[in-house]
Amino acid sequence: QSTNEVSQRTDLSKEHISSWNRYEVVSDIYMHISFSMGNPKCHGVRATVDEDSSAVLITLYEGTLPNAPTECAAIAVNASLLLTTRNPIGTRSVITG
């Protein structure tokens with residue numbers, strides 16, 4: 001299945017922590033995380049990146065979009081999100097928050 005590149009949202013309601021299943025380092029400070037999410041017509045995501053000298057901790061949140069339709073098809077889509085770290089990822093562990 002293809003993966004949809006999505007953008008982070010800051011206007012979500014009814015947020016909950018969701019899980020991501022894979023990451024790919026794109027450059028020193030950029031990485032993609034991959035995950036499944038609900039119907040993108042109704043749901044959006046955002047992520048927080050916390051880091052220290054040994055690890056990069058990524059927490060993924062999924063929530064409802066503003067003005068989302070009341071009736072929304074219950075589907076799951078494969079998606080990815082581009083994230084940035086403050087410092088080079090290097091040999092640090094990348095873990096779920």
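Colleague: Let's start with Cys-42: buried or exposed?
Modeller: Cys-42 counts as buried, with a relative accessibility of 3%. Keep in mind that this is a predicted model.

Colleague: Thanks! And how many disulfides does the structure hold?
Modeller: There is 1 disulfide in the structure. The bond runs between Cys-42 and Cys-72, with an S to S distance of 1.8 Å.

Colleague: What parts does that pair tie together?
Modeller: Cys-42 sits in the loop between β4 (30-38) and β5 (43-51), while Cys-72 is in the loop between β6 (55-64) and β7 (76-84), so the link ties together parts that are 30 residues apart in sequence.

Colleague: Which handedness does the link of Cys-42 and Cys-72 have?
Modeller: The link is right-handed, with 110° about the S-S bond.

Colleague: And what is the relative accessible area of Cys-72?
Modeller: For Cys-72 the value is 28%, so Cys-72 is partly exposed.

Colleague: Changing topic: where is Val-45 found?
Modeller: Val-45 belongs to strand β5. Val-45 is buried too, with a relative accessible area of 2%.

Colleague: Which residues is Val-45 in contact with, leaving aside neighbours within four places in sequence?
Modeller: The contacts of Val-45 include Val-6, Leu-12, Phe-35, Met-37, Leu-60 and Leu-81. Also among them are Arg-9, Tyr-61 and Glu-62.

Colleague: One last thing, how many Å apart are Val-45 and Trp-20 in space?
Modeller: They are 11 Å apart, C-alpha to C-alpha, and 25 residues apart in sequence.

Key: Residues are numbered from 1 along each chain as its sequence is written. This is a predicted model: local features need pLDDT of at least 70, side-chain atom pairs count only at pLDDT 80 or more; totals for chains, interfaces and linings use all residues. Side-chain values use heavy atoms; hydrogens and water are left out. A disulfide is a pair of cysteine sulfur atoms within 2.5 Å. Helices (H or I, at least four residues) and strands (E, at least two) are DSSP runs, numbered from the N terminus. Buried means under 20% relative accessible area, exposed over 50%, partly exposed in between (1.4 Å probe, protein chains only). Contact means heavy atoms within 4.5 Å.
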